[in-house]
Amino acid sequence: MSTITVEARLSSRTRARTRSAVRLRRYLSNAGTVVLSLTLVVWSLVPIYNMVLISLEPEGDVFTDHIWPRAPSVESFWGVLTQGHWYLEHFWRQFANSLFIGAMVTFFALLFGSLTSFAIGRMRIRHGWLVSNAALLTYVIPASFLAIPFYRIMQNYGLADNPWSVIAALVAFATPYAIFVFQEYGRSIPIEVDESARIDGASPPQIYLRIYLPLMAPALVAVGTYALLLAWNEYLYQFLLLSSKSSMTVPVALAQFLSSDQSPWNFMMATAIIYAAPPVAIYYAFRRRMTAGLTMGGVKG
Amino acid sequence: MARLTRRSVLRGSLALGATSLLPLPRIARAAATTATVWFAQGFVQDEDVALRKAVTDYEKASGNKIELSIIPFAPERQKIISAITSGVVPDVMDSNPNEILQIYAWQDRWVDVSDVVETQKAQFSDTALQSAQAYNSVTKKRGVYGVPLRAAVVPCHIWRPLVEKAGFKIEDIPKTWDAYFDFFKKVQDNLRKQGERKVYGLGFQVTANGVDPYNLFTAFLIAHGGQDVVTRDGKLHLDDPKVKQAAIKATAYLGGAYRDGYVPPSAINWNDADDNNAFHAKLMVMDVDGTLSTEVAVKEKHPEWYFKDMVTHGIGYPTDNAGKPVPSVVGVTQGLIPKGAKNVTVAKEFLKYFIQPKVVGEFVELGLGRWLPVMPSLAKSPFWQDPKDPHLRGYIQQGLLGPTVPDYYVFNLAMAEVRSQHVWSLAMIDVAKDGVKPEAAVEKAFKRIEEIFAKYKVA
Amino acid sequence: MTDSASVVDVGRPAVRRGTLSRSLRGGLKGGEYTWAVAFVVPYVAVFAAFVAYPVVYGLWMGSEASLYRELFADPIYQSTVVNTILYLALGVNVKMFLALLLSGFFMRPGWWMKALLLIFVLPWAVPQISTFISIHWMLNGEWGFLNNVLYALFHTEGPSWLNDRWTALGAVIVSHIWKWTPFWTLILLAGRMAIPVEIRDSARVDGATGVRGFVHITFPLLANLYLICTLLSTIFLLGDFNAVTFVSGGGPANSTHVLATLGIRDAFEIANPRLGVAAVMSALPMVIPLVIILMRKLRTAEVQL
């Protein structure tokens, strides 16, 4: 009897110790989370804070000795929104161009990338590996050095000063990457899912639309944001291929501020901040897709 | 290649839903009287307005059409190089940077424009005419490939309030070279005594970035007697003891000023905008920088700065230590016509129109005087001689009426590569940062310069 | 049965004694084969029209031997190569490792996690010209934000960050990591999402949580994606000139150049585009093995579950 009591007392003590150990671990883990979160916030925001500081400087001075805005002026933001500065005369037109190009690049990169990866990875088309390997060749020479031949062929195709030339170039650069990520991501979706749909009589487009795409949602969001931001912030090709003020995009307009002498830096920073808003907003709108866990429906692996 | 192109055109249109191409006959007719012109964007809006006005006036006068592309200054370089390398070129472009005239003339990429320059030859300054020429390694002769449009020179810029805060007056500034710059060291010392920790006396661009350091060093080189480093015939004279002495003195002074703490320490890694940022924020008393853009940029928002506080020494530019005037290096922007241009006739017509004194004179004046004309007769205009303006008279005196020389790459394009490789900068930085002896730093620089010059043998 | 077996076939040119048409189609039946081809054609068209020619032209531009002699004679070439190797080694690996860890961190539930992720994504979303220039100004020794903060907090004068080769290079690497970690975190996060809930749940039931769960369950499943991302990131980084150009300018005294910026300088400042391409191509001996590994990785197909 005494042994049972001793055992019972021992086990209750160990249980209590385990409970407090678990609580301690949880406390530490929460504290750790808080510390890590704060670190991430500070780390991510410091250079952006500097940008905000500069955008609020009435003189656009970038060299000051204060760390809080001393005499903040929103003149620069107002100038962007009202196209009030000479460099920003066509800001909204250029913004619309950026939106158009961004949307088209995202759409086509996702479309071509997912179609190709579906055909190669799921339908297992013969010699499909040739296509994905050839796609790799796109990256052998960095894009900045391919700009000159690109400039030439766009002229040859009659696409000079046309947003489609930029769209084509950026889709050509973004799609191989999309293919790779989709292939890799798709590996964790069992082929049996496709198989059973086939047996049920679904045609390839139906499998693609009803099964493949929904399951790929997180990858689509990730790659889609990549393509969007690539097009959104890309500068060299947009600059080379688009010459007129009305076809230009905002990154090119931003580059104007790099004229080597005096520059109204507060306007440049305000422009950049305003320009960064749409992709962030779009990502925010799609974040649930990003975090949607995969449910396997009725298929057992 | 042809097979690929045809197929790709088909595929391209299928894949992308091709955009509409202009119907061909319309293009052919329009091409006869249309020319495309690329020009760098100005630093103030007025420059662009002035350019557009000149273009519109030409169109009205001639009936031809000009497709004008005003391209941001810094990136225009990439566009020009892409265009020339790929063979798809406009009809007229400005020389941005100026040395592309010489660089591509070497490769026989420009159309000869001596007929255009002839029309106003008597008007041009000697420096401008020299700058319009370049050596062509294919034809093995020099030719006139540029049409001088406007020019820039490198004055000294000073903040009067800082000088006065240190207890001096602008009039106290000495007139000879070394004493002139030593003055600002004294200004800094006095300001430091008053507790101004962050102000520096000399804004020397002791950096290996951008074009400012090259301009700075060349000014010092010439002031110390090294003007003949490259002579008109394109020959390099590094063995000339005068040149060597001058290079040593320049390196020693510029690097030494940094070592002694009179130049902001971050100057070692400035880019072309950083020195202007610092000057604008009144963190330096003076700097040596090209054109009047610092002043012109604030004219509208801070007239008191323009009219009172900022001082430009064009007049007042120091003489050499013996009291003789120092010639200033002038960079001349040229109009260029690339080979392969679709409409050379209209291009030449346009340039001939543009360089008429009253047209080009108006162009630089409407641009608020940031650029100088290249025709001495235009210097007498009321705009440039306005007694109420504190900067323009000095600027034009230094850059047009006083002694000037073209930049060295005009004589030998190898100097352009010396500039891009920042050879002089590295010498200055060796002394400034690592305490290398000026003689050794200059030896190293000279060796590199010889290697670069060896690549371009002028017949 | 044979049909489904052949559908599962990898596409490796198997030795198949069959009709020519069957070996061409890889076993896909008529209508399906047409679909598969139709799906692949758009990208192939884009590739043929817009990639084949520029890449071939680009390779041609860098193909002259004398270019490489001139390149190697450039006094800064050697230090540039060293910088490039450091930039790649540290930039890619630190960034990917952080992304791996953070992707696990961001799996936690809660609205504040989502808000944090949004803030975390900002560095990547804001145009890099502006952020890198902002960092350049921040690091100015006399008047930059960072030293102002140091002075306000600790009353010490911070160093001139961009005046020394190693701190400048460090700043460039850190800037790159700052900008790109969010992106790779998102990709790896998506990869983690792909791990079916059942596996995660059963792992937890079996007691494989925390570090053990990560090492034995999560990481093996992510390994392939991680490797592909690392390789791609290396290739991308080789051509990236923005961080160096805007943060350190290649300075001080040309000591923090990388091959990409050296190439840009040669192409656009010395006006010798072929020399510029040669600079980047001189890294091909490093790039080719990476590309080959990538190709191998993409060929092996397995359904892991």
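Predicted model: local features only at pLDDT ≥ 70, side-chain atom pairs only at ≥ 80, totals over all residues.

Colleague: What scores does the model as a whole receive?

Modeller: The ipTM is 0.83 and the pTM is 0.87.

Colleague: Which elements of chain C have the lowest and the highest mean pLDDT?

Modeller: One begins with the chain as a whole. Chain C has an average pLDDT of 83, and 87% of its residues reach at least 70. Among the elements of chain C, helix α1 (residues 2–8) has the lowest mean, 39, whereas helix α5 (residues 77–105) has the highest, 94. Residues 1–19 of chain C have a pLDDT below 50, and this stretch makes 20 contacts beyond near neighbours in sequence. Residues 301–305 of chain C are also below 50, with 10 such contacts.

Colleague: How many residues of chain B are in contact with chain A?

Modeller: On the side of chain B there are 34 residues, which are in contact with 30 residues of chain A. At least two residues each are supplied by α1 (2–16), α4 (73–86), α12 (274–280) and α13 (293–298) of chain B. The largest share, eight residues, belongs to α4(B). Sorted by class, this side of chain B holds 14 nonpolar, 17 polar and three charged residues.

Colleague: In which sense do strands β1 and β2 of chain B pair?

Modeller: The general idea is that strands of a sheet pair through backbone hydrogen bonds, either parallel or antiparallel. Here, strand β1 (residues 34–40) of chain B pairs with strand β2 (residues 65–71) of chain B in the parallel sense, over seven bridges. For instance, B:V37 has B:L68 in β2(B) as its bridge partner.

Colleague: Through which helix does the chain cross from β1(B) to β2(B)?

Modeller: The path runs through helix α3 (residues 45–62) of chain B, and this β-α-β crossover is right-handed.

Colleague: What is the order of the strands in the open sheet of four strands in chain B?

Modeller: The order is β8-β9-β7-β10, and the pairing is mixed. On average, neighbouring strands of this sheet are turned by 20° against each other, direction ignored. Within the sheet, β8(B) and strand β9 (residues 284–288) of chain B pair in the parallel sense over two bridges. B:Y200 stands opposite B:M284 in β9(B).

Colleague: Why is one side of β8 and of β10 of chain B left without a neighbour in the sheet?

Modeller: Both β8 (200–202) and β10 (310–313) of chain B stand at the edges and have a single partner strand each, so one side of each lacks a neighbour in the sheet.

Conventions. Residues numbered from 1 in each chain as written. Chains lettered and ligands numbered in written order. pLDDT = per-residue confidence, 0-100. Contact = placed C-beta atoms within 7 Å. Nonpolar A, V, L, I, M, F, W, Y, C, P; charged D, E, K, R; others polar. Pairing = 2+ DSSP bridges. Right-handed = clockwise from strand over helix to strand, strands pointing away. Axes fitted to C-alpha atoms, helices over the stretch in contact; angles between N-to-C directions.
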